[in-house]
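The sequence and structure come next.

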Amino acid sequence: MNIKTSTKVKTLGDAASGAIEKYFRKSVAHEAEVIKDKDAEELHQMRVGLRRLRSAVTGFAPVLDLPKEASEGKIGKVGRILGTLRDLDVMLESLQNRYYPNLPTEEQEVLDKALLNLLKQRHRALKGVRAILEHKTYESLKESIEDWLEKPKYQAIEHLPIAEVLPDLLLPQVSEFFLHPAWLLGTEYEDGKVKVADNLTAEAVEEKLAAEGTILHDLRKQAKRVRYLMSLFGGFYSETYEVYVEDVKGVQECLGDIQDSEVLGEFLTDFVNRDLKKELPKLAGLLADNRYAAWQKWQILQRRYLSSEIRQGLRSVLIHPVVEDAAKLD
């Protein structure tokens, strides 16, 4: 088994400043290209950088003494504005490349109008992105982080060896992930055990998502937080840890597929202003099929993470970093 260890990060303070610098630099590196709007991937990468930066600020909150201009909330505000534009890009790409070629001519004609509507929304969202990136509050955010990185300020626990406190940083977020009520969506309680219902029809799944789909979206956000936080510390754990990181990523992506399909359906329903199944029956069917396929993938992960063995396995990995005392590393 290959074991990775970090020889640079020794204390909690080292880890915190290293993570903040890494993701701050990643974010601002894409800023100029985002403003130019030539490549949608630049926007995606900047948004990911900001999300990871926000996760680092949240995850290391017990040790950080950041200025209010660099707060998690300020980072989140910029990320949300970029997110609006990114979500429109994802919808446009999905409709144009995934669905449009598989539709009959009459539905393509309706979709042409919907795509024009989305492009107008995207134009407005781009203006919003350019405005925030050129605003003094964003400049203040960047300046305050640069100043902090030059002379980091911490809480009293900064000198604790990182490997000793890693479980305390990671377990609270993982506990929230485990305790999320979405894990019980579509389950039954039988003979003292929670059982995943494996006999739900596509129609039943649609009804359940319509009634309680927002709870899955919330779990997706928690999965993202856990994944980004865990990804900061792969160097202190064995390969088993990386397997769990990939697992959490799988939950995030699977629930993301469900969410993206629902958002598309809601936009199209509002656009045609009537029953989507009547106006765009083929497209409505494709969206429903994709949601059902994603639901079935979700159920596999759901069974896995309702297993006490899996949960205990992850907890056990988290409380046993490979490096027992990172401060002793050369």
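With which residue does Glu139 form a salt bridge, and how far apart are the closest N and O atoms? The partner is Lys142, and the closest N and O atoms are 3.6 Å apart. The model is a predicted one, and every value below is computed from it.

Glu139 has 31% relative accessibility and counts as partly exposed. Lys142 has a relative accessible area of 15%; since buried means under 20%, Lys142 is classed as buried.

The whole structure contains 12 salt bridges. Side chains of opposite charge can pair when their charged atoms come close. One of the bridges joins the side chains of Glu146 and Arg25, with an N to O distance of 2.8 Å. Glu146 is partly exposed at a relative accessible area of 30%, and Arg25 is partly exposed at 33%. Glu146 and Arg25 also belong to a network of salt bridges that includes Glu21.

The side chains of Asp37 and Arg122 form another salt bridge, at 2.8 Å from N to O. Here too the pair links distant parts of the chain, 85 residues apart: Asp37 is in the loop between α2 (31-36) and α3, while Arg122 is in helix α5 (residues 105-133). Asp37 has a relative accessible area of 25% and is therefore partly exposed. Arg122, at 14% relative accessibility, falls under the 20% limit and so counts as buried.

## Cavities

Rolling a probe the size of a water molecule over the atoms shows where empty space is left. There are three cavities of 30 Å³ or more. The largest cavity has a volume of about 50 Å³.

Helix α6 gives the largest share, four residues. By residue class, the lining of the largest cavity divides into seven nonpolar, one polar and one charged.

## The second largest pocket

The second largest pocket holds about 660 Å³ of space. It is lined by 25 residues, and those closest to its centre are Glu206, Ala210, Glu262, Gly265 and Arg291. Two or more lining residues come from each of α8 (202-231), α9 (239-272), α10 (276-279) and α11 (281-305).

How many residues of this lining are nonpolar, polar and charged? The lining of the second largest pocket has 10 nonpolar, seven polar and eight charged residues.

## A nonpolar surface patch

Leu184, Tyr189 and Val194 make up a nonpolar patch on the surface, and together they have about 330 Å² of accessible area. Of these residues, Val194 is located in strand β2 (residues 193-196).

## Positive phi angles

Asp191 is not a glycine, yet its phi is positive, at about 50 degrees. Asp191 is placed in the loop between β1 (187-190) and β2. With a relative accessible area of 78%, Asp191 is exposed.

Asn273 is another residue other than glycine with a positive phi, near 60 degrees. Its position is in the loop between α9 and α10. Asn273 is exposed as well, with a relative accessible area of 67%.

Technical notes:
Residues numbered from 1 in each chain as written. Predicted model: local features only at pLDDT ≥ 70, side-chain atom pairs only at ≥ 80, totals over all residues. Heavy atoms only, no water. Patch = residues over 30% accessible without salt bridge, like charges linked within 9 Å, V, L, I, M, F, W, Y side chains within 5 Å. Areas by Shrake-Rupley, 256 points an atom, 1.4 Å probe, with all protein chains shown as cover. Salt bridge = Lys/Arg side-chain N within 4 Å of Asp/Glu carboxyl O. 1 Å grid on protein atoms, 1.4 Å probe; cavity = no way out; pocket = protein on both sides within 12 Å on 5 of 7 lines; lining within 4 Å. Points joined across faces, edges and corners; volume = space filled by probe spheres on them. Nonpolar A, V, L, I, M, F, W, Y, C, P; charged D, E, K, R; others polar. Buried < 20%, exposed > 50% of the residue type's maximum accessible area, 1.4 Å probe, protein only.
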